[in-house]
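The following exercises are to be worked through with the sequence and the structure in view. Each task is followed by a solution in steps.

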Amino acid sequence: MSTTSTFSSKGAMAYSELRRQIVSGELKPGSRLSQYDLAEEMGMSITPLREAIRQLASEGWVEMDTHRDVRVSPMSGAEARQLLEVRLSMEPVATQLAAMRRTDRDIEEMKKAAAALLPVTRAWGEDAVAAHRAFHRAIYAASHNDVMIRLLDDLWDKTDRYRRVGLELPAGDEPRTLDLNQHHEILELVIAGEAMKAAELTHSHIVNSLTAEVTGALEDREHRISGGFLKSLWGPANAGRI
């Protein structure tokens with residue numbers, strides 16, 4: 001194997017692992033990344049790790065300062081709102097396309113994902129978040145629009161950080177039966193080819209989602225804090241609390 005391919009392979013491995021840890025919350029928002037410690041943990045030199053960090057920085061997952069200090073990007077009401085707006089503009093369209101283009105194989109995958117759904121609440125925790133993600137991906141993957149699928153994959157990665165925070169809100173204790181039932185209703189509409197109705201219900205589902213509640217809670221909190229230095233909730237000491 002050539003030096004170039006080894007470098008690219010190790011850089012890709014570091015990128016994938018760091019992104020996974022950020023999305024899952026193992027690396028907390030605002031926490032500092034020790035590049036040499038991470039390189040040692042991953043069994044690689046600092047060069048491919050820095051390649052991975054540069055890529056993560058270009059995608060907004062981490063922030064780098066002039067002293068090459070690297071921190072996991074913080075979370076904010078502004079980012080949460082932007083992610084919600086993009087999801088509202090894209091996912092209903094993807095669902096509409098899914099209702100028009102779904103294949104028998106797509107229907108099989110959507111039904112399988114629906115059968116595994118759990119209420120996205122604190123009681124079900126990470127299992128519910130993973131099942132929720134898998135269901136929505138099965139729906140928008142049936143759009144067969146590769147560009148849209150890639151964009152929504154990235155969007156969901158970034159939104160999942162906020163969704164996990166939502167489990168810590170008072171709303172995280174709610175049964176969220178309506179949310180759960182809407183998933184099955186969306187699936188029925190997609191299978192029946194009811195494209196516009198599926199898109200409309202998806203839009204309503206997102207507007208009333210746990211992520212939307214997190215967005216509102218963050219914005220309200222940040223609005224209440226005025227003047228002086230705003231100490232983020234999402235620093236290493238307070239990650240996951242609101």
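**Exercise 1.** Determine where D160 lies and whether D160 is buried or exposed.

Solution. D160 lies in helix α7, where helices are DSSP runs of H or I with at least four residues, numbered from the N terminus. The model is predicted, so that local features need pLDDT of at least 70 and side-chain atom pairs count only at pLDDT 80 or more, while totals for chains, interfaces and linings use all residues. Residues are numbered from 1 along each chain as its sequence is written, and side-chain values use heavy atoms, with hydrogens and water left out. The relative accessibility of D160 is 3%, and D160 therefore counts as buried (buried means under 20% relative accessible area, exposed over 50%, partly exposed in between, with a 1.4 Å probe and protein chains only). Residues up to four places away in sequence not being counted, D160 touches V23, V129 and R133 (contact means heavy atoms within 4.5 Å).

**Exercise 2.** Describe the setting of H144 and its phi angle.

Solution. H144 is found in the loop between α6 (125–141) and α7. Its phi is positive, at about 60 degrees, although H144 is not a glycine. Most residues other than glycine have a negative phi. With 43% relative accessibility, H144 counts as partly exposed.

**Exercise 3.** Identify the contacts of L88.

Solution. L88 has its place in helix α4. Its relative accessible area is 21%, so L88 is partly exposed. Neighbours within four places in sequence left aside, L88 is in contact with H203, I206 and V207. L88 and V207 are 119 residues apart along the chain, and their C-alpha atoms are separated by 7.8 Å.

**Exercise 4.** Check the length of helix α10 (residues 210–224) and find what its buried residues pack against.

Solution. The expected span is 1.5 Å times one less than the number of residues. The 15 residues of α10 should therefore span 21 Å, and the end C-alpha atoms are 21 Å apart, which agrees. Among the buried residues of α10 are L210, V214, L218 and R221. The buried residues of α10 pack against α4 (77–101), α7 (146–166), α8 (177–192) and α9 (195–207).

**Exercise 5.** State which residues of α2 and α3 meet.

Solution. In α2, the residues are Q35, Y36, L38, A39 and M42; in α3, they are I46, L49, R50 and I53.

Key: Helices (H or I, at least four residues) and strands (E, at least two) are DSSP runs, numbered from the N terminus.
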